[in-house]
Amino acid sequence: MRIFLAPMEGVVDHNIRALYSALGGIDMAVTEFVRVSNSHLPDAVFHRLCPEIDNPINTPVRVQLLGSEPAMLASHASRIAALGAIGIDLNFGCPAKTVNRSRGGACLLQEPELLHDIAYAVRQAVPHHIPVTAKMRLGFNAREGYIETAQALASGGIQELFVHGRSKVDGYKPPAYWGAIGEVREAIHIPVIANGEMWTPEDIAQCMRESGCSDIMLGRGLLARPDLAIAGKQHMNGEPYTFMPWQHILPKVWHYHQKTVAQCPPKYTGNRLKQWLMYLQRTYPEAKVFFEAVKRLRTATELQKVYDAYKAA
C-alpha cells in the first residue's frame, strides 16, 4: 500500500512536504502545479516550487505540470527531467474556474484526444526511467466520459493514473464516488490511485474496497489529521493506533508557520498558518480556539505573542 500526498495548490508547498515526510506514512508527494503556457519558464521556477530537486527529502517528490499545449508541456517536462526531477505528473483535475478558463486542469477532460496527445508528447520527451503520471476527475460537467478519458491517457503512455472520485461540477462536495474509480481501474492496464473524501482510517479501508485500488492519495484528510497516513496503514494491517494529541500537533504547525514567515512576503504573514488551522478544526477543537485567536492578526510579532500565551495557558 502506497500513500501519496496530494498536490493542493496554495496549500501543500515544500514546507508541508518536508514536515509530512519527517512525520512518516507518506510514500510519495507531488508539487503544486507549474502552469505552462506559450512562453518558456526559467529554471528558477522549478527550483522554487520543487526545491527537493537540489535538496531531496526522505519522500520522493514528482513535479506537476498544468497546461494544454503538448509541445510546450513536453519541452518543459524534458527540462525538468534534466534538472533532476524524479517524476512528472500532469494536472487534469484542478476545478478552479480561473485555471479552467485558461484551458488548464479539469476542463481538458472534455477533450480526450488532446489528453492523449499531451501524454504522448510528454512521455516521448522524458527519459524512460522517469515516470510520467496524470491526475484526473470523473468528468467535467457531469460524472461521465471518465473511462474514455482514462483510456486516452493510458494509451498516451502515462504509467500511473490518480483519479479524484468526483467531477469538476461536484467540486469537493461529499461523497466521492469510489466505485467509479474502480470502473476506471478495470478499464485500463496501468495502476490507478484512488483520491477523494478520506478522513479516517475506516474511510481509507472503504475506499480501497469499493475502488479495488491498492494505493491512495490523501489531501484534505491528511491536513485535518496529520498522522492519518500512519493510522491508515496500521488499520489496514489490523493494528491499533492512537492519534497524536493536539499538544504534539501544535508545535509542528507553529514550526511550519515560522518557515512560511521567512519565505513569504510580509503582507501574507500568517495566511498559511490560518489555512492549515481551518483544516485542523475538523478533528481538533483546540485548533478552532487557536484559529479564532489569530484569524485577524497580520504581523509576525502579534502572532508570536498569541502563540506564546496560548502555549502557556
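A cavity, as I use the word this morning, is a set of grid points where a 1.4 Å probe fits but cannot get out, whereas a pocket is an open set. With that settled, let me say that what you see above is a predicted model, and that it holds one cavity of 30 Å³ or more.

The space in that largest cavity comes to about 30 Å³, and its lining is made up of Thr-260, Val-261, Cys-264, Tyr-268, Thr-269, Gly-270, Asn-271 and Arg-272. Helix 11, residues 246-263, and helix 12, residues 271-280, each give at least two residues to this lining, which by class has three nonpolar, four polar and one charged residues.

Let me turn now to the fold around it. Eight strands form a closed barrel in the order 1-2-3-4-5-6-7-8, with parallel pairing, and from one strand to the next the twist averages 30°. As one example of that pairing, strand 4, at residues 88-92, and strand 5, at residues 132-136, are joined in the parallel sense over five bridges, with Leu-90 standing opposite Ala-134 of strand 5.

The largest pocket has a volume of about 520 Å³, and of the 29 residues that line it, Pro-7, Met-8, Lys-135, Arg-137 and Tyr-172 lie nearest its centre. Sorted by class, the lining of the largest pocket has 15 nonpolar, eight polar and six charged residues.

The second largest pocket holds about 300 Å³ of space, and among the 16 residues lining it, those closest to its centre are Asp-13, Glu-32, Arg-48, Leu-49 and Arg-272. You will remember Arg-272 from the lining of the largest cavity. Helix 1 at 14-23, strand 2 at 28-35 and helix 2 at 43-49 each supply at least two residues to the lining of the second largest pocket, and the largest share, four residues, comes from strand 2. How does this lining divide by class, and how many of its residues are charged? The division is five nonpolar, four polar and seven charged.

Notes. Residues numbered from 1 in each chain as written. Predicted model: local features only at pLDDT ≥ 70, side-chain atom pairs only at ≥ 80, totals over all residues. Heavy atoms only, no water. Pairing = 2+ DSSP bridges. Axes fitted to C-alpha atoms, helices over the stretch in contact; angles between N-to-C directions. 1 Å grid on protein atoms, 1.4 Å probe; cavity = no way out; pocket = protein on both sides within 12 Å on 5 of 7 lines; lining within 4 Å. Points joined across faces, edges and corners; volume = space filled by probe spheres on them. Nonpolar A, V, L, I, M, F, W, Y, C, P; charged D, E, K, R; others polar.
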